[in-house]
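Here is a short report on packing and sheet layout. Please read it with the model in view.

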Amino acid sequence: MSEPSLSMPPVPAAPIPLAIADRLRAAILSGALAAGTRVNQDRIAAEQGVSHIPVREALRRLEAEGLVTFAPRRGFFVARLSPEDAEELGEMRAVLEALAIRLAVPRLTAADLAAAAAAIEAADETDALAFWSEANWRFHRALYAPCGRPRLMETLETLWRGADRYLRVVWQAAQWQTRSQREHRAILRACRKRDADAAAALVARHVTAATAALVALLRAEDGAAKAG
């Protein structure tokens, strides 16, 4: 018996939706696309020389990351920074990152630990927020990836893409980098000692403290805006 035809579209030569999503994400994170800005699909499609299909797919990806929102009959908009959203992201990250590092510690190799240490050093050497953010996630990913849970890592990647925009606010406004780096070194020490419980507790506190500072900052800004 012959196999049925699946009638599937060809695989594109290049991941156009991913490339568009990357460019829009960078513009949102840098502030070039401000919160509340309408994302013009027609203009993006024309600029990139593509149809609306890959643009919409890119925007759906960013919607899943919490970077844009969709309003029926109005289109996509850059999501506003919300203390409630920041709190939810932080709560999820604290639990899942603690789980990831607890599972990962027994599997960490010398190369994993070296990669985490290198990320700390890279963050020490830059004042550029985008590079600091990338080094920050590189540190965490080096210590989480050996957990052996691909679904967990995929979820954490998505949460981090959504949280990155928020984290940049607290890093910049609260000058959080020094404290963050100090906590990173404590986490790394626990990992080197193969103390999974201590590493998980430190990660949970690390995420929770940054989230609390961020939520307080966003609520203060909301209060000032309403008062004004």
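## Terms and basis

Contact means heavy atoms within 4.5 Å. Leaving aside neighbours within four places in sequence, Leu 188 is in contact with Leu 113, Ala 116, Ala 117, Ile 120, Phe 139 and Leu 143.

This is a predicted model: local features need pLDDT of at least 70, side-chain atom pairs count only at pLDDT 80 or more, and totals for chains, interfaces and linings use all residues. Numbering starts from 1 along each chain as its sequence is written, and side-chain values use heavy atoms, without hydrogens or water.

## Nonpolar cores

A nonpolar core is a set of buried Ala, Val, Leu, Ile, Met, Phe, Trp, Tyr and Cys residues joined through side-chain atoms within 4.5 Å. Buried means under 20% relative accessible area (exposed is over 50%, partly exposed in between; 1.4 Å probe, protein chains only).

The largest core has 49 residues. Ile 101, Phe 139, Leu 143, Tyr 144, Leu 156, Leu 188 and Cys 191 touch the most other members. Helices H4 (83-104), H5 (110-124), H6 (129-144), H7 (150-173), H8 (177-192) and H9 (196-227) each supply at least two residues. H7 gives the largest share, eleven residues. Helices (H or I, at least four residues) and strands (E, at least two) are DSSP runs, numbered from the N terminus. Another core, of 17 residues, lies apart; Ile 28 and Val 39 are among them.

## The sheet

Three strands form an open antiparallel sheet, ordered S1-S3-S2. Strands pair if DSSP finds at least two bridges between them. S1 (38-39) and S2 (68-71) are the edges, each with a single partner strand, so one side of each lacks a neighbour in the sheet. Four bridges join S2 to S3 (residues 75-78). Phe 70 has Phe 76 in S3 as its bridge partner.
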